[in-house]
Amino acid sequence: MSPEQRKEASELELHKRGIRINVQLHVIESDEEVELRTPEELMQRMLALWAVTAVAAGGDVVHYRAYLETHGLKSCLSAQENAFLFADGITEELRAQFLQRQEALYFLAWAAGLTDKLAVPTQAANLKQILKLFPHAMEAPERLQAALKPRRKGQVLDWSDLLYRLHWAVRHAHITGRDAPGNLNADAVREWHQAANWLCQYEEENDWDKVSTET
């Protein structure tokens, strides 16, 4: 599918859902211009998100610190994630902020082939089945690695284009003091957009904390 065809398909989806369309938004990169992250990079990013979101949800921070250090995964954390996991104390505000990253983990799990379906987000993601593939106790992430079946680039780019336009609609609604359109989960749209842009190496940015979600 060409960038122009993706734009048209995304706008049709928004139209069906009664979501405002900004026809001035440009097309995204073509398949030929995008190189997705490697399976190893994808797994490491999911493990980082798994650790911080588990702690944000009330998990034992000492366990997750030890897990990442034991398996040489601490370097996979972004600066913000590292500060969160290794702080002397975790505030409720930070817990709430990092808990939202479950949405980014859910999108990347779909991109990794850990879940079959992905629908426009209107409610919080359910990670129950996906988390069964993640390590228990201190075991190596071999089960997760064996389950990886990364999606085709075209599938990821279809969602990248759609999320770009959904995020604009969510932001426009927020600026104008309205609820998110189409019953969208605004937090999920934002997190999925960041995850998609990271996966597509948008603007060649490797720092998770700095991945742009401009609209």
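Two residues are in contact when heavy atoms of theirs lie within 4.5 Å.

Among contacts between residues at least 6 apart in sequence, 71% join residues at least 24 apart. As for secondary structure, the chain holds ten helices and zero strands. Read from the N terminus, the order of elements is therefore α-α-α-α-α-α-α-α-α-α.

Next, the overall dimensions. The C-alpha trace spans about 50 × 40 × 30 Å along its principal axes. For 215 residues, a compact globule would have a radius of gyration near 17 Å, and the chain agrees, because its own value is 17 Å. Of these 215 residues, 47% are buried.

I now come to one pair of helices, α2 and α6. Helix α2 covers residues 39-56 and helix α6 covers residues 102-111. At what angle do α2 and α6 pack? The angle is about 150 degrees, and the axes are 9 Å apart. Angles over 145 degrees count as roughly antiparallel, so α2 is roughly antiparallel to α6. The crossing of the two helices is left-handed.

Which residues make this contact? From α2 come L42, R45, M46, L49, W50 and T53. From α6 come Q102, A104, L105, L108, A109 and A111.

To conclude, we have a predicted model of a chain with ten helices and zero strands, in which α2 and α6 pack with a left-handed crossing. Thank you.

Technical notes:
Residues numbered from 1 in each chain as written. Predicted model: local features only at pLDDT ≥ 70, side-chain atom pairs only at ≥ 80, totals over all residues. Heavy atoms only, no water. Axes fitted to C-alpha atoms, helices over the stretch in contact; angles between N-to-C directions. Helix = DSSP H or I, 4+ residues; strand = E, 2+ residues; numbered from the N terminus. Parallel < 35°, antiparallel > 145°, perpendicular 65-115°, else oblique. Left-handed = near helix turned anticlockwise from the far one by under 90°. Rg over C-alpha atoms; globule rule 2.2 N^0.38 Å. Buried < 20%, exposed > 50% of the residue type's maximum accessible area, 1.4 Å probe, protein only.
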